[in-house]
Amino acid sequence: MDTVNEILTKLENADNTTKNELENKLVNIGTEALPQLVDQLQVVRGIKRGVVAMTLIRIGDASIKYLEKAAHENKEFEWVAEYLIREIKGEIAA
């Protein structure tokens, strides 16, 4: 089974089909991947960032506490965390 880092590395040159497969792999790792995914979300860019964000949304409620902790520790990340939390809760962003 691929690790979170291995999957993120594969995303660098992924086409759309591969990108979707890799996102599904991340979702399947599930809650144990959350601390690492939230850490990565603060540093990755581009396609990787989008996939990590979607993975957190798809994992759902379990992601929220990790996003809140990261937002508290990194003020520059706060708006990203708040946006994702709204998406997870299904609230319409004002």
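Author: Happy to; below we go through the ground rules, the helices, the core, the salt bridges and a few single residues.

Author: This is a predicted model, where local features need pLDDT of at least 70 and side-chain atom pairs count only at pLDDT 80 or more, while totals for chains, interfaces and linings use all residues. Residues are numbered from 1 along each chain as its sequence is written, and side-chain values use heavy atoms, with hydrogens and water left out.

Reader: Great. Which residues of helix α1 are buried?

Author: In α1, which spans residues 4-11, the buried ones are V4, I7, L8 and L11. Buried means under 20% relative accessible area, exposed means over 50%, and partly exposed is in between, with a 1.4 Å probe and protein chains only. Helices here are DSSP runs of H or I with at least four residues, numbered from the N terminus.

Reader: Why do they line one face of the helix?

Author: Seen down the axis of α1, the buried residues fall within an arc of 100°, so they line one face. The arc is taken from the directions that run from the helix axis to the C-beta atoms. As background, an α-helix has 3.6 residues a turn, so residues three or four places apart point the same way.

Reader: And what covers the buried residues of α1?

Author: The cover includes α2 (16-29), α3 (34-41) and α4 (46-59). Contact means heavy atoms within 4.5 Å.

Reader: How about α3, which residues are buried there?

Author: L34, L37, V38, Q40 and L41 are buried in α3. They cover an arc of only 160° around the axis, which puts them on the same side of α3. Their cover includes α1, α2, α4, α5 and α6.

Reader: Nice. At what angle do the axes of α3 and α4 cross?

Author: They cross at roughly 140°, and the axes come within 9 Å. The axes are lines fitted to C-alpha atoms, for helices over the stretch in contact, and angles run from 0 to 180 degrees between N-to-C directions. From α3, L34, L37, V38 and L41 meet R49, V52, A53, T55, L56 and I59 of α4.

Reader: Switching topic: how many residues has the largest nonpolar core?

Author: The largest core has 29 residues, and those with the most contacts inside it are L26, L37, L41, L56, L67 and F77. By nonpolar core I mean a set of buried Ala, Val, Leu, Ile, Met, Phe, Trp, Tyr and Cys residues joined through side-chain atoms within 4.5 Å. Helices α1, α2, α3, α4, α5 (62-73) and α6 (78-89) each supply at least two residues of this core.

Reader: What is L26 in contact with?

Author: Leaving aside neighbours within four places in sequence, L26 contacts V4, I7, L8, L37, V51, T55 and I59.

Reader: Now the charges. How many salt bridges does the structure hold?

Author: Six salt bridges, each with a side-chain nitrogen of Lys or Arg within 4 Å of a carboxyl oxygen of Asp or Glu. One of them joins D2 and K10 (2.9 Å, N to O). Another joins K25 and D2 (2.9 Å, N to O). K10 is partly exposed at 41% relative accessibility, and K25 is partly exposed at 38%.

Reader: What does E23 pair with?

Author: E23 pairs with R58 in a salt bridge (2.8 Å, N to O). E23 lies in helix α2 and R58 in helix α4, so the pair ties together parts that are 35 residues apart in sequence. E23 is buried at 9% relative accessibility, while R58 is partly exposed at 38%.

Reader: Which residues are joined into one network?

Author: D2, K10 and K25, through salt bridges that share partners.

Reader: Last one: A71, buried or exposed?

Author: A71 is buried, with a relative accessible area of 7%, and sits in helix α5. Beyond four places in sequence, A71 is in contact with F77, E78 and A81. A71 and A81 are ten residues apart in sequence and 6.0 Å apart in space, C-alpha to C-alpha. A81 is found in helix α6 and is buried, at 0% relative accessible area. Not counting residues up to four places away, A81 touches L67 and A71.
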